[in-house]
Amino acid sequence: MTALSSTSGGVMNTFGDQLSRIRRNWWIVAVLAVVGLAAGVGASLLQHTTYTGRAALIVSSNGRSPDQDAVLVQGYVDYFNADGYQREILAEAGVPAGIKVTAKTAAASPIMLVEATAGDATTAGQAATRVAQGFRTNMNATRDSGTAEAADAVKAQLAQAQAAAAADPSAAAAAEISSLQNQLHSLQSDQTNKLQLLQPDGGVAKAGPPLVRNALFGFVGGILTGCLAALAFAAKRNRLVTATEIAEVTGLDILAKVPDGSADDPERRRILRRLAAVIATAGLPERSVIAVMAPAGRGTAARLSRDLCEVLRSAGGQVQFVRACDAGEVTDLHGDSGGRASGDLGRMQLLGVAGTAGRGAVDIGKRVERLRASENLTVIDASTAEDAASASALCVAVDTVLVVVELDEARAVNLEESTNLLRQMGVPILGAISVASDPGLNRRQVRSWLSGLRFRREQRVSTTGDRASQASTATESA
């Protein structure tokens, strides 16, 4: 027997099952995606445009490589970004409250960038310049003080040497004066560890709210959240949504995955033809009776049984379609309740199964035997029987049972109980058929309801107009 494997695929099947759950609850994903998109757009609209001013400082020491100065600049940056010092430097620079300042290095260079962010360009630019100048003055103050003291001492020595040379000019006095002048020049030109203004006004950059980025992040975040919510919702509902879950609950082979819908659907007919081939090769007796059971569903099993009979008859088989009911003996019909012509399926019948549990099971067995003798293949739609015990008694009398499970409708508990009961009664089960609900069914029902509503409204308007016309005619006659 050719059955669809329900346990192969491992991880791929599991991933496909999760996708199926998400696809069946797509509306949750759509709602949360829209919410996420709206949140991202709203966050962007609530943000204000900011301006960032920049100033640049540099350390360029005499006789030292730039990478050594870069280490010192990193220390300056860390000190600048300390919260306690920032409050101090902002107060000294006279920067208004609410302006954010920060420092960073330009790559691995000895250049220090001071940035100030504000709500307008002028304030941002001025704040960056003032803070950079204040920080430079602060850091260089101690060093400049020591250099000034050393320069004053050298100047005093130089004055004494120049006075002595004026009284007694000699080569030694001239050499001493020259040495002192060189020392003074070295002190005045020494830039070691000293911060210098490289660019006090480095311009202002405008930063608007990232609308596209926020909207994209919100949309993607909404989709991911929606997928998780859809999986949680599916787990909470405890409905079977994949063929793999049906196989795990029942232990049956999945004979086919049939889309629900019209019998004229080419895909549905193709799958039903393949299902008919599976039944034909199942090793059933020459004259067989098959019962179609459904633990839950909205007429799914009835439609599938009827369409399957049509496919079997179109292949040249002698097939009769029997629908189980809750009253009466075997009754000939000239057409079913759906208005289909009896010629489509030959002679259609109702099989009464009410009250056949217990000792009455022998009676229903005789009825099934009469059906078996009348045609080569009899398909009984047992899903319409309201009495579960009677339906089970019917299944005992047939040759095999097909279990139809409508995805997203049948519950795991009900399906497991039904299949376990059939096994306990010794009923041979050929396999399970999963039916995916027609995605366009709800849309068609809504359109039909709207059309009926519009027709009733027009009818009421027409009736009201006729009544008004009759009243007017009666008044004129009076």
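These are my notebook entries from a first walk through this structure, which is a predicted model.

**Entry 1: the whole chain**

I began with the overall make-up. The protein chain has 478 residues, and 37% of them count as buried. I found 14 helices and 13 strands in the protein chain. Next I looked up its surface: the protein chain exposes about 25500 Å², with carbon and sulfur atoms supplying 56% of that area. I also checked how far along the sequence contacts reach. Taking contacts between residues at least 6 apart in sequence, 79% join residues at least 24 apart.

Now for charged pairs. Side chains of opposite charge can pair when their charged atoms come close. How many salt bridges does a search of the whole structure find? The search gives 8.

I started with Arg268 and looked up its partners. Asp260 forms a salt bridge with Arg268, and their closest N and O atoms are 4.0 Å apart. Is Asp260 buried or exposed? Asp260 has a relative accessible area of 6%, so I noted it as buried, the cut-off being under 20%. Arg268 is buried too, at 1% relative accessibility.

Asp307 also forms a salt bridge with Arg268, where the closest N and O atoms lie 2.9 Å apart. I wanted to know where the two partners sit. Asp307 is in helix H10 (residues 300-314) and Arg268 is in helix H9 (residues 266-280), so this pair ties together parts that are 39 residues apart in sequence. Both of these residues, Asp307 and Arg268, are buried.

**Entry 3**

I moved on to helix H11 (residues 361-374), which holds both Glu369 and Arg372. Their side chains meet in a salt bridge, with 2.4 Å from N to O. Glu369 and Arg372 are 3 residues apart, about one turn of the helix. Glu369 is partly exposed, with a relative accessible area of 43%, whereas Arg372 counts as buried at 12%.

**Entry 2: a nonpolar patch**

Helix H7 (residues 211-237) gives the largest share of the patch, 5 residues. I picked out Phe219, which lies in helix H7. Phe219 counts as partly exposed, at 34% relative accessibility.

**Entry 3: Thr250**

My last stop was Thr250, which lies in helix H8 (residues 243-250). Thr250 is buried, with a relative accessible area of 5%. What lies by the polar atoms of its side chain? I found the backbone oxygen of Ile246 at 2.7 Å from a polar atom of the Thr250 side chain. The backbone nitrogen of Leu252 lies 3.2 Å from a polar atom of that side chain. Then I set aside residues up to four places away in sequence and looked for what else Thr250 touches: Leu415, Thr419 and Arg423.

Terms used. Residues numbered from 1 in each chain as written. Predicted model: local features only at pLDDT ≥ 70, side-chain atom pairs only at ≥ 80, totals over all residues. Heavy atoms only, no water. Buried < 20%, exposed > 50% of the residue type's maximum accessible area, 1.4 Å probe, protein only. Helix = DSSP H or I, 4+ residues; strand = E, 2+ residues; numbered from the N terminus. Polar contact = N/O pair within 3.5 Å; in protein donor to acceptor, adjacent residues only side chain to side chain. Contact = heavy atoms within 4.5 Å. Areas by Shrake-Rupley, 256 points an atom, 1.4 Å probe, with all protein chains shown as cover.
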